[in-house]
Protein chains: 4
Amino acid sequence: MTELRVIAYRPDRSEYAWTFGGAAPVTKIRPGDVLELWTDDCFTSLVRSVEDLASEKIVFPFLNPQTGPFYVEGAEPGDTLAIHFISIEPSRDWGVSTTFPLFGALTSTTRTVTLQDPLPEIVWVYEVDRERRTVRYEARRGDHIVELPLEPMHGTVGVAPPNLEVRSPLVPDSHGGNLDTPEMRVGTTCYLGVNVEGALFSIGDGHYRQGEGETCGVAVEGAMDTVLVIDLIKGRPTPWPRLEDDTYLMSAGSARPLEDAFRIAHGDLVSWLVEEFGMDKLDAYQLITQISETPIANVCDPNYTVVAKVPKRYLPGDRVYDNVRAGLREIAAAYRRERGLPV
Amino acid sequence: MTELRVIAYRPDRSEYAWTFGGAAPVTKIRPGDVLELWTDDCFTSLVRSVEDLASEKIVFPFLNPQTGPFYVEGAEPGDTLAIHFISIEPSRDWGVSTTFPLFGALTSTTRTVTLQDPLPEIVWVYEVDRERRTVRYEARRGDHIVELPLEPMHGTVGVAPPNLEVRSPLVPDSHGGNLDTPEMRVGTTCYLGVNVEGALFSIGDGHYRQGEGETCGVAVEGAMDTVLVIDLIKGRPTPWPRLEDDTYLMSAGSARPLEDAFRIAHGDLVSWLVEEFGMDKLDAYQLITQISETPIANVCDPNYTVVAKVPKRYLPGDRVYDNVRAGLREIAAAYRRERGLPV
Amino acid sequence: MTELRVIAYRPDRSEYAWTFGGAAPVTKIRPGDVLELWTDDCFTSLVRSVEDLASEKIVFPFLNPQTGPFYVEGAEPGDTLAIHFISIEPSRDWGVSTTFPLFGALTSTTRTVTLQDPLPEIVWVYEVDRERRTVRYEARRGDHIVELPLEPMHGTVGVAPPNLEVRSPLVPDSHGGNLDTPEMRVGTTCYLGVNVEGALFSIGDGHYRQGEGETCGVAVEGAMDTVLVIDLIKGRPTPWPRLEDDTYLMSAGSARPLEDAFRIAHGDLVSWLVEEFGMDKLDAYQLITQISETPIANVCDPNYTVVAKVPKRYLPGDRVYDNVRAGLREIAAAYRRERGLPV
Amino acid sequence: MTELRVIAYRPDRSEYAWTFGGAAPVTKIRPGDVLELWTDDCFTSLVRSVEDLASEKIVFPFLNPQTGPFYVEGAEPGDTLAIHFISIEPSRDWGVSTTFPLFGALTSTTRTVTLQDPLPEIVWVYEVDRERRTVRYEARRGDHIVELPLEPMHGTVGVAPPNLEVRSPLVPDSHGGNLDTPEMRVGTTCYLGVNVEGALFSIGDGHYRQGEGETCGVAVEGAMDTVLVIDLIKGRPTPWPRLEDDTYLMSAGSARPLEDAFRIAHGDLVSWLVEEFGMDKLDAYQLITQISETPIANVCDPNYTVVAKVPKRYLPGDRVYDNVRAGLREIAAAYRRERGLPV
């Protein structure tokens with residue numbers, strides 16, 4: 001029998017973390033602990049109607065608040081943290097999106113500088129229907145209305161970065177952070193390399209749904225009730241964020257230009273197959289060439305993110321990291337049973 | 001009743017086209033014609049075993065031969081060509097892949113120049129099992145063997161380019177060409193803007209399957225028996241290759257760096273929704289942000305390709321280009337009935 | 001004694017070449033021939049005042065006309081063409097520049113797509129003072145007026161490209177073309193690899209001056225009277241455009257993203273030092289690291305161009321390509337003496 | 001009369017700063033203070049001979065130590081720090097360079113991932129001749145020896161970054177940092193926007209010389225004796241590092257891909273001319289297009305850096321930031337007179 005150790009934490013506004021690294025831990029946890037968390041939306045709940053412009057409501061850098069960090073006992077540089085998502089549910093019946101001046105893929109930015117005027121700042125509010133599992137898109141300058149599937153996920157999941165750095169929660173990199181991939185959903189296990197003692201895991205930026213690439217830079221943003229379980233893999237480093245679900249092994253590369261994100265993700269998949277299954281490097285390269293699926297995660301953040309996925313059924317084996325995921329799924333199942341949720 | 005006009009064409013080696021643009025048409029066709037074509041593999045059948053190194057067998061630039069070009073009667077600059085795929089079937093029971101010196105995503109190249117030695121050149125031969133619809137991967141330096149689904153497609157589909165240019169069949173750009181997207185499969189309709197009189201459509205580079213990104217630069221390459229039907233949309237330009245299947249509208253952007261391919265594809269989707277459904281530009285941008293799927297097509301060719309896809313069920317309508325696709329599907333169904341194929 | 005063979009050629013408008021490759025030669029020339037040429041400006045003289053908008057005057061693709069191509073007798077693939085500039089002089093007393101919609105470094109473009117409105121199209125006309133060797137900048141929306149040094153050069157110098165391709169004169173690549181580097185000036189020798197029989201050399205796009213990067217996409221454009229002498233280096237290939245003047249060896253890389261242009265140019269310099277002086281590859285890499293100067297040429301064309309320069313005085317020798325430049329300088333001196341120009 | 005306030009500071013090894021931001025100030029200084037500093041080389045003096053491999057000697061992240069940070073009294077976010085270089089002199093008679101695995105422009109890296117083997121790690125030691133003002137290059141695998149001009153500069157100059165971040169000293173960005181531009185030399189004034197109270201200025205990474213681009217990733221590295229004077233410009237923000245010398249105004253953009261660094265630098269020059277001289281944005285764009293010089297600074301660091309320069313003599317005026325530089329040059333002259341240095 002798995003005995004559940006459950007820690008519930010809902011931060012006050014004054015307790016939000018505004019960085020990965022550099023923030024004091026809110027509490028210590030142990031491997032195997034289940035965390036019941038609440039995360040605010042990326043706008044700290046200040047954009048609630050089409051009248052609320054983020055550029056007016058937000059005082060920089062107080063954007064994309066994180067819940068955490070959590071100090072994981074025993075975690076040291078060279079270890080890997082495994083985070084398994086048990087439940088990710090909207091904590092509100094509305095979400096919000098917006099264009100934001102000089103942010104997004106189809107606008108000039110503070111880096112891709114042009115002399116053109118910024119795009120107008122427009123807000124879209126989405127009604128959430130939890131019964132029907134939908135969010136409702138409503139055009140601002142036309143009459144198109146459509147219900148889209150509710151597909152909750154976290155844009156931002158990470159640990160303290162390496163090299164003594166402290167990074168904004170807007171940044172995705174090797175420490176995770178603002179990856180903005182729809183793969184960070186219920187049932188996924190995320191593996192992150194530990195860079196500092198205690199790992200200092202934080203999470204935020206709930207998305208009720210997003211397309212691949214998060215094109216305008218802003219998903220259907222919303223506060224989230226999230227349950228996850230954490231484990232620690234001692235003595236095994238993980239260079240870039242890796243994900244696993246029932247079907248796929250995945251690696252998330254973050255860099256600019258976007259082809260480097262692609263190269264990181266696929267190069268890391270090659271390394272992973274070599275590590276786990278003893279494949280030859282070029283044999284792994286060939287196999288991945290024919291089987292990978294490669295959704296773009298974001299083309300708006302300070303680094304762009306590409307996720308490379310390979311179906312486990314085509315690999316020499318389907319167990320990685322000594323099958324730590326099996327134990328995490330067991331805990332998840334136990335938790336869901338206990339809470340009366342469908343397993 | 002649709003009366004079928006069927007043209008069968010299998011080029012001699014001397015009849016291969018080595019460019020888009022600049023090659024004399026092999027024949028004239030009319031809108032509505034069904035073409036039964038054979039395309040050679042990208043190595044002109046010279047790489048048949050693990051002993052056959054492409055770098056030794058191929059004399060540049062005689063790589064990636066195209067079947068065509070076909071002169072489409074009535075096609076003029078400013079029109080759009082619609083190509084609908086009725087059948088794409090391996091014409092052999094083997095396919096082949098290889099690393100190729102200074103080509104591929106995880107190696108330095110003639111553009112991403114480094115001083116390192118090139119990767120070794122290794123060939124993988126895939127057995128095709130048409131009954132089971134599989135291709136068989138077999139490691140060269142290990143013992144992993146696995147059957148992968150046969151998913152035939154064409155890497156290269158295009159017309160003569162604009163601006164008086166003649167391009168290598170290795171290049172993807174606004175004229176189509178070497179897009180290397182798995183979306184170019186049976187049931188897909190491809191829309192290409194016409195740049196010269198007669199359009200000069202060609203096709204080649206059959207892939208028995210490939211992953212997204214074609215990471216090592218070479219899919220499971222193979223000769224193909226392909227049936228398609230062509231139509232012409234007069235007076236309607238198409239700036240970048242667009243694709244449609246039962247579920248999705250898609251646009252394929254090709255450029256370097258990869259984020260520009262992303263921008264082109266999503267920008268073109270915005271334009272398409274504005275054109276077809278009168279949506280406001282920013283409303284379309286928002287909707288696409290939440291619903292697009294964005295597989296990478298290639299990160300190896302002279303331009304990299306991103307495909308942006310939106311499910312038609314979330315759009316204000318599901319008919320584009322005046323529903324030309326309906327007529328093409330009818331012809332496809334008639335052809336398949338006549339040939340005794342499942343419709 | 002050098003006997004001068006001089007060929008003068010001024011194309012009619014109907015004789016302009018609109019591509020590199022694919023155009024019939026206007027005449028044959030022999031190695032050692034001096035060419036006295038006239039080149040029209042990139043707008044074919046249609047933008048002459050601040051009222052003349054290029055977007056209205058120009059019918060695509062009739063932009064950037066080239067004078068040529070010239071068939072060089074004896075030139076074959078694998079050879080190198082050497083072009084030495086004897087004189088480049090404005091043929092008019094005015095030049096012109098402009099912003100151009102969706103073209104230039106500080107605007108979104110047809111590839112770096114954004115949803116913003118294009119920048120306004122504004123024309124600047126520059127008076128040329130040949131006595132004082134200046135062009136006069138005059139603000140359009142302010143009162144700043146300043147004389148800038150006249151520094152004439154050619155933006156576009158090239159041969160037919162490889163791989164059976166035909167390229168727009170807006171494109172810089174391994175065949176030369178629209179490099180847009182101020183290094184293409186009097187006294188410079190340009191080395192270009194020959195890709196087709198006769199090489200098919202063309203030239204155009206005179207600039208009365210430009211900054212490094214040609215930021216807005218348009219230099220001080222003007223028609224030019226240019227004298228050059230051509231030579232042929234048999235059996236010696238040149239992979240990317242190389243330049244030489246009294247002080248520097250240079251290589252011009254063209255690609256996107258810009259770092260690939262940098263990599264090409266510096267990688268080619270490494271190769272050049274290895275070829276000419278037998279240096280070890282890594283020793284050359286180190287030396288270049290400490291001595292190269294690296295002006296950006298253009299960040300506006302279909303490929304971006306970086307020029308990497310190394311002072312000859314720091315190299316193991318100062319003669320390259322068997323000192324072909326010495327002979328070209330002799331012919332240039334003889335020509336200038338004969339014409340009464342300062343030598 | 002300028003009264004000189006001089007502060008001398010030479011850090012112990014235990015006092016090095018390993019980040020921009022996040023490090024406690026070593027002392028407080030006032031605007032107008034002259035600092036006499038010693039900076040260690042980027043390898044903390046551990047690479048001293050061709051036997052000393054950096055990959056073996058260095059324990060990450062203890063690379064590129066900084067002298068500082070200095071808390072500037074009165075400095076607040078929204079102000080600008082002006083740093084004027086009075087003297088930069090080698091403190092040793094040797095410098096060192098090396099290839100470093102997966103670092104540099106002509107190798108794959110941890111971001112531009114390939115499956116190739118890394119380049120060999122080779123060290124070059126340079127003798128410094130202070131009399132003749134040279135450093136001596138000596139090939140490791142050949143016999144080429146050449147003296148190159150001693151041109152001392154600082155690769156790394158910066159303040160604490162914005163957004164609560166702490167960055168590695170290997171990173172160049174809007175806060176300065178590892179710009180690696182040869183323009184950071186004696187006589188140059190560097191303007192940096194202040195992001196935190198006290199600004200927290202640090203400096204390091206002396207280069208006895210480097211080429212533009214720092215191609216292999218490592219200049220002629222050396223410890224340095226440096227004298228500089230600091231001033232504060234209240235209430236005037238500076239978005240990106242700007243430099244000024246007797247001839248030029250310059251802006252340094254840092255980003256990937258390299259074209260974004262170009263865009264940032266030129267876009268910031270446009271803004272600067274608009275701010276200082278009231279020029280129209282497009283008039284400034286045009287002028288810069290024709291007069292800018294654009295050396296690449298680095299193509300090896302986490303962000304690449306481009307410097308855009310415009311000669312002051314072509315601008316509407318030659319005084320910027322209310323001519324703060326005049327006062328700094330006066331202090332520099334007074335200091336040099338007092339020390340018996342040539343003024």
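Modeller: Buried means 20 or more other C-beta atoms within 10 Å of a residue's own, exposed means 12 or fewer, and partly exposed is in between, with C-beta atoms placed from the backbone. Keep in mind that this is a predicted model, where local features need pLDDT of at least 70 and side-chain atom pairs count only at pLDDT 80 or more, while totals for chains, interfaces and linings use all residues. Residues are numbered from 1 along each chain as its sequence is written, and chains are lettered from A and ligands numbered from 1 in the order in which they are written.

By that rule the largest nonpolar core has 196 residues, and A:L81, A:I230, B:L81 and B:I230 are the ones with the most contacts inside it. Zoom in on A:L81: beyond its neighbours within four places in sequence, it's in contact (C-beta atoms, placed from the backbone, within 7 Å) with A:V72, A:A75, A:V159, A:L192, A:V194, A:A199, A:F201, A:I230 and A:L232. There's also a second, separate core of 195 residues, including C:V159, C:L192, D:I86 and D:L282.

Now for strand β5 of chain A. Helices (H or I, at least four residues) and strands (E, at least two) are DSSP runs, numbered from the N terminus. β5 of chain A covers residues 80–90 and is mostly covered, with nine of its eleven residues buried. Two strands count as paired if DSSP finds at least two bridges between them. β5(A) has ten bridges to β16 (residues 224–233) of chain A, running antiparallel, and in that pairing A:S87 has A:V227 as its bridge partner. β5(A) also runs antiparallel to β13 (residues 189–193) of chain A, with five bridges joining them; here A:I83 stands opposite A:C190.

Over in chain B you can follow a whole sheet: nine strands, open, with mixed pairing, in the order β1-β3-β16-β5-β13-β17-β18-β20-β19. β1 (6–9) and β19 (296–298) of chain B are the edge strands with a single partner each, so one side of each lacks a neighbour in the sheet. Direction ignored, neighbouring strands of this sheet are turned by 25° against each other on average. Further along, β17 (residues 242–244) and β18 (residues 248–255) of chain B run antiparallel with three bridges between them; B:E244 pairs with B:L249 in β18(B). Helix α2 (residues 258–277) of chain B lies across β17, β18 and β20 (304–311) of chain B, at about 140° to β18(B). That angle, on a scale from 0 to 180 degrees, is between N-to-C directions of axes, which are lines fitted to C-alpha atoms, for helices over the stretch in contact.

On to where chains A and B meet. 53 residues of chain B are in contact with 53 residues of chain A. On the chain B side, the elements giving two or more residues are β9 (145–149), α2 and α3 (281–291), and α3(B) gives the most, with nine. By class, that side has 28 nonpolar, 15 polar and ten charged residues. Here Ala, Val, Leu, Ile, Met, Phe, Trp, Tyr, Cys and Pro count as nonpolar, Asp, Glu, Lys and Arg as charged, and the others, Gly among them, as polar. α3(B) is mostly covered too, with ten of its eleven residues buried; among them are B:L282, B:Y285, B:L287 and B:I288.

B:T99 is buried, with 26 other C-beta atoms within 10 Å. Not counting residues up to four places away in sequence, B:T99 touches residues including A:L282, B:L119, B:P120 and B:C216.

Finally, the symmetry. Chain B superposes on chain A by a rotation of 180° with 0.0 Å of shift along its axis (RMSD 0.0 Å), so the two copies are related as by a two-fold rotation axis. In chain B, B:P295 has the C-alpha nearest the axis, at 2.3 Å.

Notes:
Least-squares fit on C-alpha atoms with pLDDT ≥ 70 in both. Core = buried A, V, L, I, M, F, W, Y, C linked by C-beta atoms within 7 Å. Contact = placed C-beta atoms within 7 Å.
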